[in-house]
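Some labels in a structural description rest on a cut-off. The questions below ask how such labels are reached for the model shown here.

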Amino acid sequence: MAATLSRLSVDSVEVLFPFAEILEPQRMVIMSTVRACLQGKHVLLESPTGTGKTMALLCAALAAQRHFALTTGCAPRVIFCTRTHQQVKQVVKEARRSPYRPWLQIVGSREQGLCTEPSVLQAARDDDTKSSQVCRGARRLAERPRSSVIGADGRAPPAAGADGSPVCNQWTSLADPSVVTDLGDLGRRLGACPYFLSRAALPNAELVICPYNYVLEPSIASTTGLLEDSCIVIIDEGHNLEDTCCEAGSAYISSSALTEIENRIDQALIYLNDFHSEEEGVDSQTILVLRDSVRRLKQLCLDTLHAFLEANEGQLHEDRISCKTWNSTLESPPTIADFLTRSGLPESFAGAVKALQETLQQRGQGGAPRLAGLASQVMKALGELESLANTLVLCRERPTQYKIHLEAVRDLRSSSQLDPISSQGFPIRSSQGLPFRSSQGRSVNSQSVNTQGRSVGSSQGWSVELSILLVHPEAVFQSLATAAHCVVIASGTLAPTASFAAELGSAFAERLLCPPVEAPNVIDSSQLGVAFVGTSRRGIELRCVRDRLQQDDFLCELGRTVLEIVAAIPGGVLVFLPSRPTLEAAVQEWRKPGSNRSPSLWDRLASHKGLLAIEGGGPDAAQALARHEAASSREGGAVLFCVYRGRSSEGMSLSDDAVRGVVCVGIPLPPLKPAVRLKRDYNDAVAALSVSGGRRGLDGDSWCHLGAHRAVNQALGRAVRHRHDYGAIVLVDARWTVQGSLRAVKYLPLWLRQLMGLASSARGEHLACPVGQLIGQLKRHFDSRRAQHQAATTSALAADTATATAPQTASASTATAETTTSTATAPQTSLASESASMATGAATAHTAPEEFSEDVSQASEVQYASSRRVRSRV
Ligand code: SF4
């Protein structure tokens, strides 16, 4: 049966869309994306979850790419980035359903199935090291002459190096594959490594799909070379972009890690000539510079710790204490500049790290095999240093956007458990294998030592963690905003877009296509009930701030309210709480038996709902979601207790009965950890400067509140997932309903305010809904929705039956029937006869929905194929 397509013409670019109708939010997304591509501008698109945003983005970008190819003979590559590998798979599915057939390439990691040598992944896990490093060794061993024993499959057996290191059987020189579809399968069929297949295919790819750290993290972006050409970059689920950029531009190291690195470098110096033939000309001077730099950095940390402990003797009750901060150069001293001067780190620091890494990488050919294990340990230590050195380069370039922070950390182990320290201040060489304890990543677990290697007197039992913190995402995002032909950032929760754009820096804001898009939802107000609860049935104010959430009485009152609400919602319910400790404390309290051995709140809730579960992590999380989904459609339903910003607040695709209700408890302001406090102080300082300069930036408090409300908005976006879904949202916190509160007007997304008909004059007291009244409203809402749903299903079935029995003709009515039938599995049309009452604004160049056979799409692709050139190949 012919597939159904629609067409939308935007400024001479014709966009094909694989559904009979282009909904209003999709139309808005398509138009802005095409215009951004044509004009080489960046754009922000807020469109609610479940409105078909991903397909709209893909079709618009690929249509613009084809337009460039046909009109100029040279087209930019499209890079579609999303947050997780799971979401990457969903985008690939969407791309395959689109009318376009680009050369598609996924960029993934070894851990996500692209490395097919389990021994390599296991060795990386066992040794707590990067898989890229183990892979490098495995490839090198694979290039050596193989054993002559060939297995039944004609392949050499999985051999191990002399020291037990894994050898890669998949490693082979790769031809340039023209089409790569399913890399894991293809790699296994070809007997080639899927990871390197994907890298080899990148230059030819017209559509690259990857998690967004592949374009944001400077070290990863430079290895893939993705940004070397001027590309169309789409960042879906971009609401976390600010945090991701700041994390990508930050680095952390502990004093124990610095000690270990210093020792590894010493070893490299001792054995350097063994690693290499004399002709290779090892530059030991560079390595000495590197060792001295590490020593100076460590010494600065320890001296600062020492001074801090002396000044605060007897007053240290915490196990983790802020010791010192060097501010950005926009703030008051001490600043980054002071740190760089005092540490004496040379500008060549990053270059020296790289030089030693390259030297060691070459050791395989001319070096002594017995040193292979040692070299890999040195490489591992250098890997940790590399991230710090690269971050310091950025920090030096942008001292106005960085802070450096030192934390004193109490070592909770007894001295007998600490690793032995030799007279040189380093762990004693063991007779078995390598002499050093393995790095614990960012955790600190060793004694502090001074330059002479002795334990620092009063700092006994303490060590330090050094954080180089990017507090303004611009330092990372600017390279993408400058290199890309255009950047399209889309999410269900971007507003307020002005401050979002400002946070991403001038290179982004100056090229921003205006106005940003804030699309409506595709549902009508009868499908989603929204209520605000500020007091319990007994009149207790439910102000869910941190202090109160630690009180048992308050948690009980909150539990009683949540129980009543949840019991009134049929099917599945998600209950969000502000943090994991709060969630755990609440569940613990709710599980306590009532007075006179009456059932606990938890048991009472369980008697209403079939399954109660708590969101977890790891592989169990997927199973928990599957169990929740299965139980939701059974009698009673299911409740999943989650935390904001957690796995259930995004990236999962539960809909219909699995999520009929979302209960948002509290407003998750971030705990004032050092990174948050420093960012808040930074924003205050910059806001004060911009006020005096005539332009007000986002101050620290506003930044905190905005982040918290984006997390709430992300959670409430779980309530309706497609056009025919329905449900209810209940926001529980007195801060919504207190007299004069403007939160709902200021922070709820525009689509929700429009749906609620919320006037800008609405204040909290107008929104408050007593619990008793809410329970009645929820019952009526769901009764009415279920009745409508059943009527619509009956009507759709009747229409389908009529269509199936009617004789087929070439008339327009047949086309309509085909539309319904052929797209029955598509999320947009599961109930074709239910009317959609969303607003439909005037499309400047919107052709009416029309049916096309797949031939139309194919003809368009053939025409494009004859002229296609991604920019990298021109
Ligand atoms: S070459 Fe490929 S298959 Fe072999 S270890 Fe590296 S990533 Fe894994």
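Labels and the values behind them

Q: Which strands does helix H21 lie across?
A: In this predicted model, helix H21 (residues 580–590) lies across strand S15 (572–577), S16 and S17. H21 runs at about 140° to S17. Helix H22 (residues 601–608) also packs on the sheet, where it touches S16 and S17, and its direction makes about 125° with that of S16.

Q: Why are S14 and S16 said to stand at the edges of the sheet?
A: The open sheet has six strands in the order S14-S19-S18-S15-S17-S16, with parallel pairing. Strand S14 (528–533) and strand S16 (611–614) each have a single partner strand, so one side of each is left without a neighbour in the sheet. Neighbouring strands of this sheet are turned by 15° against each other on average, direction ignored.

Q: Why are H20 and H21 called roughly perpendicular?
A: Helix H20 (residues 552–567) and H21 pack at an angle of about 80°, with their axes 9 Å apart. Angles of 65 to 115 degrees count as roughly perpendicular, and H20 and H21 are therefore given that label. Their contact is made by Asp-552, Leu-555, Cys-556, Leu-558 and Gly-559 of H20 and by Ala-585, Ala-586, Glu-589 and Trp-590 of H21. By class, this contact of H20 with H21 has six nonpolar, one polar and two charged residues.

Q: What makes Glu-262 and Lys-298 a salt bridge?
A: The closest N and O atoms of Glu-262 and Lys-298 are 3.0 Å apart. The rule asks for a side-chain nitrogen of Lys or Arg within 4 Å of a carboxyl oxygen of Asp or Glu, so the pair qualifies. The pair links distant parts of the chain, 36 residues apart: Glu-262 is in helix H11 (residues 255–275) and Lys-298 in helix H12 (residues 284–311). By this rule the count comes to 26 salt bridges.

Q: Which residues of the shell around the ligand are the closest?
A: The ligand is surrounded by 13 residues, and the closest are Arg-110, Cys-115, Cys-135, Cys-168 and Cys-193. By class, the shell has eight nonpolar, two polar and three charged residues. Helix H5 (131–142) and helix H7 (194–201) each supply at least two residues of this shell.

Methods. Residues numbered from 1 in each chain as written. Predicted model: local features only at pLDDT ≥ 70, side-chain atom pairs only at ≥ 80, totals over all residues. Heavy atoms only, no water. Pairing = 2+ DSSP bridges. Helix = DSSP H or I, 4+ residues; strand = E, 2+ residues; numbered from the N terminus. Axes fitted to C-alpha atoms, helices over the stretch in contact; angles between N-to-C directions. Contact = heavy atoms within 4.5 Å. Near = heavy atom within 4 Å. Nonpolar A, V, L, I, M, F, W, Y, C, P; charged D, E, K, R; others polar. Parallel < 35°, antiparallel > 145°, perpendicular 65-115°, else oblique.
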